[in-house]
Amino acid sequence: MIILILAYVDPGVGALLWQTIIAAFVGFLFYLKKTRRWIVGVFRKMFGRSQKPSDTVAEIPAKETMKAKSDVR
Amino acid sequence: MPQSAPSFRDPAGCCCFFNQRVLRFVTASAIPEFEDFLQTNCARQFIARKRIVSTRRLNENETAALRESPELQPVFDAQSIGAVFEHERIPFPSYPHEWPPEMLWAAGRLTLELAQAALADGFGLKDANPRNVLFRGSEPVFIDALSFERRNPGDPIWKPHAQFVRTFLLPLLASRRWGLPLAEIFMTRRDGLEPEDVYRLCGPLEKIKPRTLSLVSIPTWLSRRAGPDDQKIYQPHLLANTEKAQFILESLFKRLERTLDSLKPVAQKNSVWSDYMATHSYDDPAFAAKEKFVSEALREFKPARVLDAGANTGHFSALAAQTGAEVVAVDLDAACVGAIWSRAREKNLNILPLVVNLARPSPALGWRNGECPSFLDRATGLHRDGAASSAPAGAFDGVLMLALIHHLLVTERIPLEDILRLCYELSNWLLVMEFIDPKDEMFRRLTRGREHLHAALDMKMFEQACTPYFEIVRSLALPGTQRRMYCLKRKGDGN
């Protein structure tokens with residue numbers, strides 16, 4: 001006798017629809033976040049302000065991570 | 001013979017126990033993806049941390065030898081198997097219907113961690129089921145290495161999300177909010193609780209609480225509005241902006257993580273047995289004598305695998321684990337078992353605690369009863385080599401049965417002879433048993449006016465009943481009690 005271990009997935013109905021709705025909302029947030037970054041960038045350029053050390057720490061790795069992730073794809 | 005076609009759930013392959021080995025049969029088309037995943041940073045790191053089972057591909061000679069086995073022929077015939085992989089063996093398989101909520105929570109945490117880590121390598125989890133996880137001692141290990149698939153980078157939807165909700169979040173919610181035991185959920189439902197099941201349990205106010213709204217109410221309302229034949233729901237919604245798709249998925253995982261954390265089980269203070277250690281009927285010298293007796297037996301016999309039956313808060317399981325044994329601790333009280341798990345994890349003790357009532361042990365479950373073997377099949381060693389034997393040797397070198405026999409004799413009405421026979425089948429060497437005389441206060445409390453049923457039971461009768469199965473190495477009367485400790489050695493052949 002051998003014993004089988006098996007796996008499968010049912011995507012559901014309501015939970016899948018709810019995930020899709022939230023995905024649309026989060027997708028909108030993604031653009032808001034990008035726009036905010038763009039506006040901050042423009043203001044920095046206009047006023048010639050250099051980046052704060054805290055901004056450097058917070059933002060550069062995030063950008064690098066994004067780049068690394070898109071390279072993987 | 002396989003009990004069912006191996007391809008009926010996962011088309012990429014299947015896994016089976018064979019001759020004490022865990023073999024994964026992978027179809028030819030799924031091999032490149034599987035091997036690519038095993039090379040990813042995620043797989044390497046999690047395997048190194050022992051969070052995914054180690055896996056190796058069998059060479060051609062090894063595979064050819066398996067092909068010759070008539071038992072495995074149907075597996076090879078059912079699909080075009082391209083390669084066979086072997087996984088490390090987890091000492092004692094356990095299933096969600098035997099876990100306390102704490103263990104389900106830990107399995108959920110590992111599943112989410114893996115889903116997030118694999119995302120960075122371009123892979124995704126294709127299912128999110130607690131049966132993908134086993135426990136090595138108290139530590140969760142992901143066993144279904146074939147559960148990973150290469151993701152379409154533009155896909156912002158995680159298909160197993162609903163399964164994660166059904167099999168982790170809703171059972172944890174039901175257990176926390178209504179005290180629903182996981183055994184009741186998972187023994188009757190392979191795929192957990194549907195939002196609609198939980199919706200029926202919720203009162204009007206409960207339905208609009210933020211967590212319930214998101215996990216239960218909105219999915220239920222949306223599901224009612226969706227047409228039963230609407231296939232558009234399942235069409236992939238691919239995005240041209242892959243960065244956006246990644247952002248959406250990362251946000252989903254963070255949200256699921258927060259929800260899972262909000263459902264983290266809290267220690268129950270008022271279960272029937274959880275405060276037993278503080279309220280038991282021994283005074284200090286009796287308890288010290290019992291502890292010394294058990295310690296000496298463990299040190300003398302050094303059992304490598306121990307079953308602590310009726311473990312309660314796990315005091316003696318910890319004692320066994322400290323001597324280097326691999327312990328399986330079973331008790332019917334989920335609160336006690338949860339406490340043992342938390343303690344074992346905190347103190348890094350090799351204890352696997354399970355919610356099992358020895359008088360009603362978990363049955364074999366799943367299709368043709370072949371997916372989850374019964375507790376006794378695992379504990380008596382029947383399932384290890386897959387060969388049924390009339391006199392199994394027991395999966396454990398030592399069994400501790402302390403302060404349990406009166407519950408089996410009185411509450412469950414199991415004959416003494418049968419209890420000893422079961423111990424004989426569970427242990428291949430040592431049995432440490434606490435005999436409780438009918439004159440004992442706890443024994444009398446359980447009999448409730450049925451003392452006559454146990455009038456003949458005494459120490460002599462107990463020792464006589466042991467004779468066919470065990471040799472008495474030594475015994476000790478616990479001072480000031482009607483209890484006696486026995487250290488018993490299994491005889492070669494029981495009747």
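What follows is a chat about the parts of this structure.

Me: What kind of model is this, and how are things numbered?
Reply: This is a predicted model: local features need pLDDT of at least 70, side-chain atom pairs count only at pLDDT 80 or more, and totals for chains, interfaces and linings use all residues. Residues are numbered from 1 along each chain as its sequence is written, while chains are lettered from A and ligands numbered from 1 in the order in which they are written.

Me: OK, chain A. Which helices and strands does it have?
Reply: Chain A has two helices and one strand, in the pattern β-α-α along the sequence. Helices (H or I, at least four residues) and strands (E, at least two) are DSSP runs, numbered from the N terminus.

Me: How much of chain A is buried?
Reply: Of its 73 residues, 23% count as buried. A residue is buried if 20 or more other C-beta atoms lie within 10 Å of its own, exposed if 12 or fewer, and partly exposed in between, with C-beta atoms placed from the backbone.

Me: Where does helix 1 of chain A meet helix 10 of chain B?
Reply: On the chain A side you have A:Gly14, A:Ala15, A:Leu17 and A:Trp18, and they meet B:Ile218, B:Pro219, B:Thr220, B:Leu222 and B:Ser223 of helix 10 of chain B. Being in contact means that the C-beta atoms of two residues, placed from the backbone, lie within 7 Å. By class, this contact has six nonpolar, three polar and no charged residues. Ala, Val, Leu, Ile, Met, Phe, Trp, Tyr, Cys and Pro count as nonpolar, Asp, Glu, Lys and Arg as charged, and the others, Gly among them, as polar.

Me: And at what angle do the axes of those two helices cross?
Reply: Roughly 105°, and the axes come within 7 Å. That makes helix 1 of chain A roughly perpendicular to helix 10 of chain B. Axes are lines fitted to C-alpha atoms, for helices over the stretch in contact, and angles run from 0 to 180 degrees between N-to-C directions. Angles under 35 degrees count as roughly parallel, over 145 as roughly antiparallel, 65 to 115 as roughly perpendicular and the rest as oblique.

Me: Switching to chain B. What domains is it divided into?
Reply: Domain 1 (1–89), domain 2 (92–266) and domain 3 (276–490). Those bounds come from an automatic or database domain assignment.

Me: How many residues do domain 2 and domain 3 of chain B put into their contact?
Reply: Each gives 19 residues. On the side of domain 2 of chain B that touches domain 3 of chain B, they divide into twelve nonpolar, four polar and three charged. The largest share of that side, three residues, comes from helix 5 of chain B.

Me: What does helix 5 of chain B pack with?
Reply: One partner is helix 15 (residues 334–347) of chain B, at an angle of about 50° with the axes 8 Å apart. The two helices are therefore oblique to each other. B:Pro101, B:Glu102 and B:Met103 of helix 5 make the contact with B:Gly338, B:Trp341 and B:Ser342 of helix 15.

Me: Now the sheet in chain B. What's the strand order?
Reply: This open sheet of seven strands goes 11-10-9-12-13-15-14, with mixed pairing. Strand 11 and strand 14 (470–477) of chain B stand at the edges, each with a single partner strand, so one side of each is left without a neighbour in the sheet. Two strands pair if DSSP finds at least two bridges between them.

Me: Is strand 11 of chain B buried or exposed?
Reply: Strand 11 (residues 351–355) is mostly covered, with five of its five residues buried. B:Ile351, B:Pro353 and B:Val355 point one way, and B:Leu352 and B:Leu354 the other way. Strand 11 runs parallel to strand 10 (residues 326–331) of chain B, joined by five bridges, and B:Val328 has B:Leu352 as its bridge partner.

Me: What about strand 14 of chain B, in which sense does it pair with strand 15 of chain B?
Reply: Antiparallel, over seven bridges. B:Phe470 has B:Arg490 in strand 15 as its bridge partner. The hairpin of these two strands has five residues between them, and there B:Gly480 takes a positive phi near 75°.

Me: Last one: is B:Ala64 buried or exposed?
Reply: B:Ala64 counts as exposed, with 10 C-beta neighbours inside 10 Å. You'll find B:Ala64 in helix 3 (residues 60–67) of chain B.
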